[in-house]
Amino acid sequence: MTTPTIELKPSSNPLSDAEREAILVKPGFGRYFTDHMVTIKWTEGRGWHDAQLVPYAPLSIDPANMTLHYGQEIFEGLKAYRQPDGSVATFRPEANAERFRSSAHRLAMPELPVETFVAACDALVRQDAAWVPEHGGEESLYLRPFMIATEVGLGVRPANEYLFLVIASPAGAYFPGGVKPVSIWLSEDRVRAVPGGMGDAKTGGNYAASLLAQAEAATKGCDQVAYLDAVEHKWVEELGGMNLYFVYGDRIVTPALTGSLLAGITRDSLLKLARDLGHESEESRVSIDQWRDDSANGTLTEVFACGTAAVITPVGIVKSAGGEWTQGDGTPGPVTLKLRERLLDIQRGTAEDTHGWMHPL
Ligand code: PLP
Ligand code: COI
């Protein structure tokens, strides 16, 4: 289908320049939202229609809305970065659009065409471009495209009406400590996703499934949970909202995609960037025994987490029921920092974008 034209209904009450600039000094993560949002409807038999860029505002939802009861919801996360010349570019929006389609398929929701997804993100960023933080720092504008069912009723079946939205939020570091290493709780009993389940779809249910383990990890003094596979409880999969990388000297390894972990776009980008920087990079299985033993014998030199929100965040301490260890010397390792800088430089437009990842607006 063709991209519906996005009709603009600008906000009559945007924040003042001074209010917006005060927020941009220290935006945190996901706390403030820009002046507008995009909405596009889908109706059975009619397809996508009524694409609009409207003032950011609460939705009015019927208590029997199907999403509230059965969880048909998917989302994405991508960022827009201020470039050195003052223009704005997003990072790999087509990859998010493709993953959004695949999540939609898994949840029996309608698939939004890639060009419509990208056009919706572009329209919002163009309209609210003043919200994209200054060039040079770590701040960016985080875009959150998502889709919910809007049909009203309690029958359990795919809904016949949906709403796609894009909202945007200025973002600083996801973790308050920035690049300070995070501590990880290795969850040997609670799992995030199962084979044949929804682990490779970006749907709210996966995050709901991770919250109890996350709360338990916090009681053990840990920032994040590393989930293992649901069958053998042995193979490392990912964190609740980030993929993992293991650094063996010059070789970096990330857990292979099994269907129960999310195919991160940062993960994919780093497989390629690491090769550009002269490292070997591979997807493989990594067991918890390997993680512990190779840390103890010093062959596993660094571990880091990666994702759009978290960028690249080093792992400092790992705790499990069987004991704990410090990763490397507990400080961010050189490979982690080198990859992080290169990725951010491409996104900020200060390193050559040899893979054609940036999408200028
Ligand atoms: N794994 C999960 C469960 C996530 O929520 C995310 C964040 O989007 C990632 C991995 C990293 O994916 P990406 O690099 O596409 O942001
Ligand atoms: C992202 O990185 O975009 C995510 O969706 C992760 C979430 C935990 C904020």
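Predicted model: local features only at pLDDT ≥ 70, side-chain atom pairs only at ≥ 80, totals over all residues.
On the α6 side the contact is made by Ser269, Leu270, Leu273 and Ala274, and on the α8 side by Leu339, Arg342 and Leu343. By class, the residues of this contact between α6 and α8 divide into five nonpolar, one polar and one charged.

## Helix packing: α3 with α4

Helix α3 (residues 93–106) and helix α4 (residues 114–127) pack at an angle of about 125°, with their axes 9 Å apart. Angles of 65 to 115 degrees count as roughly perpendicular and those over 145 as roughly antiparallel, and α3 and α4 are therefore oblique to each other. The crossing of α3 past α4 is right-handed. Pro93, Glu94, Ala97, Glu98 and Phe100 of α3 make the contact with Val114, Phe117, Val118 and Cys121 of α4, and the residues of this contact comprise seven nonpolar, no polar and two charged.

## Strand pairing around β2

Strand β2 (residues 36–43) pairs in the antiparallel sense with strand β3 (residues 47–55) over seven bridges, and also in the antiparallel sense with strand β8 (residues 161–171), here over six bridges.

The strands β2 and β3 form a hairpin with three residues between them, and Gly45, which lies in the turn, has a positive phi of about 90°.

## Ligand surroundings

The shell around ligand 1 is made up of Gly77, Glu238, Gly241, Met242, Asn243, Leu262, Gly264, Ile265, Thr266, Arg267, Gly307 and Thr308. Sorted by class, the shell around ligand 1 has seven polar, three nonpolar and two charged residues.

Ligand 2 is surrounded by Gly77, Gly241, Gly307, Thr308 and Ala309, and these residues divide into four polar, one nonpolar and no charged. Gly77, Gly241, Gly307 and Thr308 belong to the surroundings of both ligand 1 and ligand 2.

Conventions
Residues numbered from 1 in each chain as written. Chains lettered and ligands numbered in written order. Near = placed C-beta within 6 Å. Nonpolar A, V, L, I, M, F, W, Y, C, P; charged D, E, K, R; others polar. Pairing = 2+ DSSP bridges. Helix = DSSP H or I, 4+ residues; strand = E, 2+ residues; numbered from the N terminus. Contact = placed C-beta atoms within 7 Å. Axes fitted to C-alpha atoms, helices over the stretch in contact; angles between N-to-C directions. Parallel < 35°, antiparallel > 145°, perpendicular 65-115°, else oblique. Left-handed = near helix turned anticlockwise from the far one by under 90°.
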